[in-house]
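Here is a short briefing to read alongside your model.

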Amino acid sequence: MNLQPLYELRERLESSMIAGLSLIGEDFRLARTVEQIESLADISPVFQRIYNTAKAALDSDCSDRCSAVLDAYSLANAVLCTQGAVEVKGEIKEIPVLESNTFHSNAPYSVLAPMLKLLSSTGNGDRSKVVETRRNRPEFFRDYRLQDAFIKGLGLGYGMADSIEIWLREEGDDIVPLLKRDLDPKGKKDMAKRVRLIESICGKKENGYYISLLDTAEKEVREAAIYALRHKEENTPLLLDLTKAEKGSCKKAAQAALSFMENPKSLDYWKTTIKKKPSTAAQFLSFSKSSKISDILAEALETMTERILSASKGEREVSKSDIEAFDALLQILKGKSSPALCQWYRKAAQRPVSNCLDELITTEHKPVRFFCPYDTRLYLSQSIRRQDVRKDWGMAWGMTFSRCLAEQLASSIFFSPDEPLLELAQELLDHVGAEYFKPALVSALLTQPAKEVYDKFFPYVADPEREDCASCRLALVQVLQDMHFNDGSKNYILSIYFPDDLHKESHSVSRELKEPLDRRWFEPFVSGILGKETDSILKCLVNPKDPFICDVLGGYFYHQAMKSSDDAQNLMPTLKRCGWVGEKFGKFLVDAVKNNLFANKLNAFWTLYSMIYSAPLTDSQKADTVEKIIELVHSSQAKINTWHGLKMIHWCQELREKDT
């Protein structure tokens, strides 16, 4: 239907009203437009009424021309408003519909705009606002606009991309269609992160998608797609082909994925690799818990042990390549506990074998030492990087074989406390000797009642005249350094980090003790059996709900705090955790002043002021403490460097006023 005559009528009526109704009878253009409307009159009653009203307005005998013109204009305008349309040039394109439950939130633009701007820039921006919004208003992040921007922000630096990756993973399957859209197989790290996100969310469900990427994927994306194939055993033939065809990081990704397989073909591959290139196998099998891999490792260790023992007869000189291979095999021990491997442990731990391996000499007449990557304190204290340690395997500070074996067993129990390993550690302590104190202690802490642990292990560290007391105390210190009290579980937790050189990261493993430590340990702890590490260890062992432990440790830290003003200030949180609050803590502050800990310290007054201000005291108790300190200074019983007596008096008055 052509409505152009109606548009023209509205326009002519507007012009007539502006020009004046007295001239309307002479407006021939309006008369012609009304005639054109006549063709529409038969279509609808409303058009008929518009035509009749406009025609009446043109009649010279019209008694109320003003009303007629207004009625005609209003009707024409109303009809045209209902027929309105918007049009843009160009071709019509369908909007892609994603198969997900993603929805638009009601986030105001003022909230989204800063985040969208940050995610589209290369700078750091105000990252804290994004983190805060994510924490306080997580529903905003379900907004399609933000999710799309976040995916595009996976290439950002300054740690923002890492946070985005964690947030997107929490969205689950809903985010996968957006991750796939526009994924460039030839892209860079941000595209590889998309693949890793899809794989971490979907696992084997998207196996076909990972395979499809291999047709065109390059570099980081290809590496991520290959590693994602580890979720299905059926991918073994493909992965074996990739280990031959690929190079560099992509080949490593194929080998890493293959380490998750337990079918005959993959096991044959690792059996061959362990024999020919044990250092290569160590990269990929060190975190495997497979019993079949454990059996392969046991066979390789048995063969290598016999080879080294045979070669070491006479002058006990062995080749560097054999020791490097043996050392690499030892790195694979973690978390493996098959009967065959436990049997090798028993054989290697026996003194005739272990003593011989401890006394090995290289062809360069240097003592052989082995590397254990889990005793982080050993190499960190020497300021030596792990790769440097492996490079120079004969370093004098490395471990003898027997110590390395005990460390590997302890770490293996940490990583995977399987029953055979737990029993093996206790067996070796009982039948071989105190060099297995550490793995046996870890095993007992995780599985036995606290009373039994104390009764069995305390005698090893109690008597300093005992031959193996020093080594057992060192092992006890190492275990306690990995322990802390958890307020949530109300128990002690053992935590350790396992470095993963392949993925350039560390795996954190935490284990809860069977029962909280026996109270009888704590008095020996504060008596000096832990040596110079006592303070750092005991700070982590405070159980604020146990009055006995708090009393023992509180008293110990009180005496430590009385050594200097720095000690007093640094130990305030620990004393508070031990229950030193209120008047008891006020007495501690007064005693620190009495002992003249602030007599010579630079800015001592302000240090003391800060300590009182942050102390766990009420305003009244703070005022009491301040008054006692003022009295000590005025009576010359104590000296405080840079003392401001008037300041303290005014502060005391303010505290009293607050209290009232």
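Let's begin with a serine: Ser-354 sits in helix 20, which covers residues 351-358. Keep in mind that this is a predicted model.

**Ser-354 and its surroundings**
- Ser-354 counts as buried because its relative accessibility is 2%, under the 20% cut-off.
- Setting aside residues up to four places away in sequence, Ser-354 touches Ala-348, Ala-349, Phe-401 and Ser-402.

**Leu-40 in its loop**
- You will find Leu-40 in the loop that runs between helix 2 (28-37) and helix 3 (45-58).
- With a relative accessibility of 6%, Leu-40 is also classed as buried.
- Neighbours within four places in sequence aside, Leu-40 is in contact with Asn-2 and Phe-47.
- From C-alpha to C-alpha, Leu-40 and Ile-50 are 9.6 Å apart in space, with a separation of 10 residues in sequence.

**Cysteines and disulfides**
- How many disulfides does the structure hold? The number is 0.
- A disulfide would be a covalent bond joining the sulfur atoms of two cysteines.
- For Cys-550, the closest cysteine sulfur belongs to Cys-578 and is 5.3 Å away, so the two are too far apart for a bond; the cut-off is within 2.5 Å.
- Cys-550 is buried, as its relative accessibility is 7%.
- Cys-404 is buried as well, with a relative accessibility of 0%.

Terms used. Residues are numbered from 1 along each chain as its sequence is written. This is a predicted model: local features need pLDDT of at least 70, side-chain atom pairs count only at pLDDT 80 or more; totals for chains, interfaces and linings use all residues. Side-chain values use heavy atoms; hydrogens and water are left out. Buried means under 20% relative accessible area, exposed over 50%, partly exposed in between (1.4 Å probe, protein chains only). Helices (H or I, at least four residues) and strands (E, at least two) are DSSP runs, numbered from the N terminus. Contact means heavy atoms within 4.5 Å.
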